[in-house]
Amino acid sequence: MSTFEVIIYEKQDGVAYITLNRPKALNAYNVKMRDELYEVQGAIKDDPEVRVIILKGAGEKAFCAGADLTEFLTAPAPVFARQARFERDIWGRFLNIDKPFIAAMHGYVLGSGIEMALCCDFRLASDDAQFGLPEPGLGIIPAAGGSQTLPRVIGRAAALDMLLSGRWLTAPEALKLKLVNRIMPRSDLYPEAEKLAAKIKSHSPEAIMAIKQAVTRGLDMTLPEGLELESRLAKAIG
Ligand code: COA
């Protein structure tokens with residue numbers, strides 16, 4: 001079904017599966033992956049058959065080990081790689097698609113791997129997952145939204161701790177900080193993601209999309225604006 005090089009895109013019974021597929025490079029995010037994700041996002045957005053999306057990483061070792069360092073840290077690539085990131089707003093698109101995304105993470109979840117997961121609505125992790133933001137050690141700042149999305153999810157103090165110290169979190173620590181919704185043995189990760197997707201899919205698609213909009217867009221509004229948004233959405237879906 002997939003015609004891509006570095007991701008696999010599959011669709012079954014209303015669930016779309018995106019697999020980051022560069023296992024030999026620990027699924028590091030490169031320009032090709034950005035282009036393919038961009039294309040898939042467009043398909044997901046416009047495809048009424050897709051009700052919920054599961055995002056995962058291929059191979060045994062990683063969900064995603066962050067930006068591809070071979071592209072990122074060799075001249076003149078830093079400028080190119082950053083430019084490429086800004087030209088196609090993958091992160092904004094992740095956040096603006098009204099269908100729920102479930103990140104199912106195992107092994108290394110680093111840099112843009114965490115940032116991609118932060119654009120998802122559910123974060124499930126295997127109990128061996130490790131979370132880190134190596135950016136400060138590389139002399140850069142997270143540029144896939146992480147400096148904004150991380151503090152909104154785990155709070156300012158914990159986000160600054162991760163971002164400034166470069167400290168990695170174990171899965172139980174990530175759970176405690178609410179960076180992830182749930183942790184489980186690796187063998188349960190995909191079955192649990194499937195179960196969650198099935199549950200979401202059993203609900204009205206209009207209600208699910210409206211709820212996602214109300215919560216995610218509402219968080220950036222004042223309470224009166226948010227209540228107005230909720231009322232508009234409630235009227236729209238009857
Ligand atoms: N970009 C490109 N290639 C990467 C990569 C990345 N971010 N992370 C890992 N790889 C490659 C390695 O170069 C290696 O390739 P090789 O087999 O051709 O030598 C392969 O993936 C396996 O990685 P390896 O380092 O051998 O695995 P490990 O288990 O010893 O260590 C990590 C795993 C994640 C600790 C280590 O790979 C690492 O620190 N990666 C960089 C993380 C990073 O800084 N990301 C950028 C965030 S902005």
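This is a predicted model: local features need pLDDT of at least 70, side-chain atom pairs count only at pLDDT 80 or more; totals for chains, interfaces and linings use all residues.
## Backbone contacts to the ligand

Ala-65 has a backbone N or O atom 2.9 Å from a nitrogen atom of the ligand. For Leu-69, too, a backbone N or O atom is found 2.9 Å from a nitrogen atom of the ligand. How much of the ligand does the protein bury? Taken alone, the ligand exposes 860 Å², and 58% of that is buried by the protein.

## The shell around the ligand

If you are setting up a view of the site, here is what to display. The ligand is surrounded by 14 residues, and the closest are Lys-24, Lys-61, Ala-65, Ala-67 and Leu-69. Strand E6 (108-110) and helix H6 (135-138) are the elements that give two or more residues to this shell.

What kinds of residue make up the shell? There are 10 nonpolar residues and four charged ones, with no polar residues in the count.

Next, a stretch of backbone to look at. Most residues other than glycine have a negative phi. Leu-26, however, has a positive phi, near 55°. Asn-27 also has a positive value, with phi near 60°. Leu-26 sits in the loop between strand E2 (15-20) and helix H1 (31-46), and Asn-27 has its place in the loop between E2 and H1 as well.

Are these residues buried or exposed? Asn-27 counts as buried because its relative accessible area is 0%, under the 20% limit for that class. Leu-26 has a relative accessible area of 22%, so it is classed as partly exposed.

Which residues make the nonpolar surface patch? Ile-211, Val-215 and Leu-219 do, and the patch covers about 330 Å².

Leu-219 is worth a click while you are there. The loop that holds Leu-219 runs between helix H11 (205-218) and helix H12 (223-236). Why is Leu-219 called exposed? Its relative accessible area is 69%, and exposed means over 50%.

Notes: Residues are numbered from 1 along each chain as its sequence is written. Side-chain values use heavy atoms; hydrogens and water are left out. Patches are made of residues with over 30% relative accessible area and no salt bridge: like charges are joined within 9 Å, nonpolar side chains (Val, Leu, Ile, Met, Phe, Trp, Tyr) within 5 Å. Accessible areas come from the Shrake-Rupley method with a 1.4 Å probe; for residues, only the protein chains shown count as cover. A salt bridge is a side-chain nitrogen of Lys or Arg within 4 Å of a carboxyl oxygen of Asp or Glu. Helices (H or I, at least four residues) and strands (E, at least two) are DSSP runs, numbered from the N terminus. Buried means under 20% relative accessible area, exposed over 50%, partly exposed in between (1.4 Å probe, protein chains only). A residue is near a molecule or strand if one of its heavy atoms lies within 4 Å of it. A polar contact is a pair of N or O atoms within 3.5 Å; within protein, one must be able to donate a hydrogen and the other to accept it, and residues adjacent in sequence count only if both atoms are side-chain atoms. Ala, Val, Leu, Ile, Met, Phe, Trp, Tyr, Cys and Pro count as nonpolar, Asp, Glu, Lys and Arg as charged, and the others, Gly among them, as polar.
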